[in-house]
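Please keep the structure in view while reading.

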Amino acid sequence: MIDSSKHQGQRKQLVNLLKDKGINDNKVLNAIDKVPRHLFMDPALESYSYLDKAFPIASGQTISQPYTVALQTQLLEVKRGEKVLEIGTGSGYQAAILVNLGVKLYTLERKQDLYKKAFRLLNNLGFKPKKTIFQDGTIGLADYAPYDAIIVTAAAETVPKVFLDQLSIGGRLVIPVGKNNQKMTRFTKIRENRIKKEVFGNFRFVPLLKNKA
Ligand code: SAH
């Protein structure tokens with residue numbers, strides 16, 4: 001697994017691009033600078049790793065666009081040591097960014113081949129989540145709730161209520177909501193039964209689907 005000076009240079013350029021696009025959280029930009037995205041890509045597409053684009057991975061899924069990863073991470077407003085749940089491990093790239101930020105990450109993936117690959121890769125690279133689990137994430141992960149933050153990396157037509165239930169007070173849920181395209185939405189649990197909702201622009205994600213596959 002090689003991270004060359006060329007890759008590192010390309011990451012610096014990507015960081016500058018993300019700054020220009022409005023990402024201003026230095027911890028997030030630093031994580032983008034540190035995590036070798038090319039190791040999470042389909043090897044045939046490696047040379048495109050530092051373009052600000054989503055790309056296909058196995059099983060008809062995608063590795064999210066760097067801007068989307070950066071924005072979702074910025075909106076989560078995580079602090080070191082917080083407990084975070086990710087729905088949709090996919091390539092593991094977003095998970096690596098969160099682990100780099102020092103959170104205790106629980107990440108769920110419904111497709112077994114992706115789960116296995118991401119589990120191995122994250123461990124080999126030293127971006128170790130607390131738990132990587134092959135499970136349908138639409139029911140969240142009650143065993144370790146509540147979470148300081150929940151990130152959903154697949155499109156939800158409606159917001160599963162369990163995600164809000166599994167947030168701690170002060171907790172943030174960042175989730176793309178909609179059918180054909182999605183509005184990036186952040187829900188903050190101000191107190192029990194009091195949720196603040198904010199919307200941050202349009203995105204396109206693969207769908208959040210029920211059951212394991
Ligand atoms: N965070 C990923 C994005 C992957 S795309 C990355 O950085 O690469 C979204 C992923 O969500 C896909 O891998 C898809 O299989 C997964 N997914 C969809 N519905 C799911 C569900 N109900 N539970 C868990 N994972 C799900």
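The sections below cover salt bridges, a helix, aromatic contacts and pockets.

## Salt bridges

The model is predicted. It holds 9 salt bridges. One of them pairs D33 with K12, with the closest N and O atoms 3.0 Å apart. D33 sits in helix α2 (residues 26-34) and K12 in helix α1 (residues 5-20), so this contact ties together parts that are 21 residues apart in sequence. D33 is buried, at a relative accessible area of 14%. K12 is partly exposed, at 48%. K12 and D33 also belong to a network with K34, joined by salt bridges that share partners.

K21 and D52 meet in another salt bridge, at 2.6 Å from N to O. K21 is in the loop between α1 and α2, and D52 is in the loop between α2 and β1 (55-56), so the pair ties together parts that are 31 residues apart in sequence. K21 is partly exposed, with a relative accessible area of 40%. D52 has 11% relative accessibility; burial means under 20%, so D52 counts as buried.

E82 forms a salt bridge with R172. The closest N and O atoms are 2.8 Å apart. This pair links distant parts of the chain, 90 residues apart. E82 lies in the loop between α3 (66-76) and β3 (83-87), while R172 lies in strand β7 (residues 167-177). Both E82 and R172 are buried.

## Helix α3

How many of the residues of α3 are buried? The count is 11 of the 11, so the helix is largely enclosed by the rest of the structure. The buried residues include P66, Y67, Q72, Q74 and L76. Just after α3, E77 takes a positive phi of about 50°.

The structure holds 7 aromatic pairs. One of them joins F40 and Y93, edge-to-face, at 5.8 Å centre to centre with 65° between the planes. F40 is in the loop between α2 and β1 and Y93 is in helix α4, so the pair ties together parts that are 53 residues apart in sequence. Both F40 and Y93 are buried. A charge is also placed here: R37 lies over the face of Y93, at 5.7 Å from the ring centre.

Y106 and Y147 have ring centres 6.0 Å apart and planes at 65°, so this pair is edge-to-face. Y106 belongs to strand β4 and Y147 to strand β6 (residues 147-152), so the contact ties together parts that are 41 residues apart in sequence. Both Y106 and Y147 are buried. With Y144, they form one aromatic cluster. K83 lies over the face of Y147, at 5.7 Å from the ring centre.

The largest pocket holds about 470 Å³ of space. It is lined by 33 residues; Q61, T62, T153, A154 and V206 lie nearest its centre. Elements that give two or more residues to this lining are β2 (62-63), α3, β3, α4 (93-100) and β4 (104-109). By class, the lining has 14 nonpolar, 14 polar and 5 charged residues.

The second largest pocket has about 330 Å³ of space. Of its 18 lining residues, L39, F40, M41, K117 and L121 are the closest to its centre. The lining divides into 10 nonpolar, 4 polar and 4 charged residues.

Methods:
Residues numbered from 1 in each chain as written. Predicted model: local features only at pLDDT ≥ 70, side-chain atom pairs only at ≥ 80, totals over all residues. Heavy atoms only, no water. Salt bridge = Lys/Arg side-chain N within 4 Å of Asp/Glu carboxyl O. Helix = DSSP H or I, 4+ residues; strand = E, 2+ residues; numbered from the N terminus. Buried < 20%, exposed > 50% of the residue type's maximum accessible area, 1.4 Å probe, protein only. 1 Å grid on protein atoms, 1.4 Å probe; cavity = no way out; pocket = protein on both sides within 12 Å on 5 of 7 lines; lining within 4 Å. Points joined across faces, edges and corners; volume = space filled by probe spheres on them. Nonpolar A, V, L, I, M, F, W, Y, C, P; charged D, E, K, R; others polar. Phe/Tyr/Trp six-rings, centres within 6.5 Å; stacked < 30°, edge-to-face > 60°. Lys NZ or Arg CZ within 6 Å of the ring centre and 35° of its normal.
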